Amino acid sequence: MSCLYEINRWWRSHVNLWTLYLLFLGQLVSFVLAMGSITSSLVASLGVDAPLTQSSFNYLALALIYGSILLYRRQKLQVSWYWYLLLGFVDVQGNYLVNKAYQFSSITSVTLLDCWTVAWVIALTWFFLGTRYTLWQLLGAAICVLGLGLVLLSDAGVGGGGGSKPVLGDFLVIAGTIFFALSNVGEEFCVKKKGRVEVVTMIGVYGFLVSAVELYPFKQLIYADKN
């Protein structure tokens, strides 16, 4: 009874409408990411090699929607443009590597290994932002990393993995998560200091520009391979 009483007291003191709203938003984001993963896997299974094009539409949508809000507010940039260019470049590379991985590995492996981002973010925020985590948080992250290691072993042949080159796909995902972690930490720092609308707008603008610039050499490379 005392245990149930403590759980009930904790629930009443910590859970409110705002907490439930945040949980709902988290699940909504998870659903959107899952749909994005399914779409990327389907595109790869159809033999379409367009990892940059897939993410460029996301950047364009962010730039148009949040850019409109920024223009309406007539707000001047509070962070120099080259920092946003760097964040946009890093984010584009992460999306490219992860989208490319779908051509070699299964959607299950890519989706699970994408969680490596959490481990990199913990390390980066610890060293660069001074964030401190509890023992339970670190233990939870360690268990997740252990599970991801089992995914790597499975794709290496211990239990069999899906895709034409699962190990290559897995390492592409892990490389992509490093870029995602750098981007996420940079975005978190800017959002807390300068505001969400400006950061998301500039990530969209420079992410789209970087994608557009990188599309041409990749297109030429693919065309040369086919000939």
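**Close-up views of a predicted model**

**View 1. The buried side of helix 3.** Welcome to this predicted model. Helix 3 has these buried residues: Pro51, Leu52, Ser55, Ser56, Tyr59, Ala63, Gly67 and Leu70.

**View 2. Helix 3 from end to end.** Here we follow helix 3 along residues 51-73. Its 23 residues, at 1.5 Å a residue, should span 33 Å, and the C-alpha atoms at its ends are 34 Å apart, which agrees. Look for Gly67 along the way: a kink of about 30° in helix 3 is centred on this residue. Gly67 is also among the buried residues of the helix. Just past the end of helix 3 comes Arg74, which takes a positive phi of about 55°.

**View 3. A nonpolar patch on the surface.** Now let us turn to the surface, where Trp18, Tyr21, Leu22, Phe24, Leu25, Leu28, Phe31, Val32, Met35 and Ile38 form a nonpolar patch. Together they have about 1000 Å² of accessible area. One member to pick out is Met35, which sits in helix 2 (residues 17-45).

**View 4. Tyr82 and Trp83, a tilted pair.** Four aromatic pairs turn up in a search of the whole structure. In one of them, the ring centres of Tyr82 and Trp83 are 5.9 Å apart and the ring planes are at 45°, so this pair is tilted. Tyr82 counts as partly exposed at 45% relative accessibility, and Trp83 is partly exposed too, with a relative accessible area of 48%. Ring pairs also bring in Trp81, linking Trp81, Tyr82 and Trp83 into a cluster.

**View 5. Trp116 and Trp120, a stacked pair.** The rings of Trp116 and Trp120 have centres 5.7 Å apart and planes at 25°, so they count as stacked. Where do these two residues lie? Both belong to helix 6 (residues 116-129), and because they are four residues apart there, about one helical turn separates them.

Technical notes: Residues are numbered from 1 along each chain as its sequence is written. This is a predicted model: local features need pLDDT of at least 70, side-chain atom pairs count only at pLDDT 80 or more; totals for chains, interfaces and linings use all residues. Side-chain values use heavy atoms; hydrogens and water are left out. Patches are made of residues with over 30% relative accessible area and no salt bridge: like charges are joined within 9 Å, nonpolar side chains (Val, Leu, Ile, Met, Phe, Trp, Tyr) within 5 Å. Accessible areas come from the Shrake-Rupley method with a 1.4 Å probe; for residues, only the protein chains shown count as cover. A salt bridge is a side-chain nitrogen of Lys or Arg within 4 Å of a carboxyl oxygen of Asp or Glu. The expected span of a helix is 1.5 Å times one less than its number of residues. The bend at a residue is the angle between axes fitted to the seven residues ending there and the seven starting there. Buried means under 20% relative accessible area, exposed over 50%, partly exposed in between (1.4 Å probe, protein chains only). Rings of Phe, Tyr and Trp (its six-membered ring) pair if their centres lie within 6.5 Å; planes under 30 degrees apart count as stacked, over 60 as edge-to-face and the rest as tilted.
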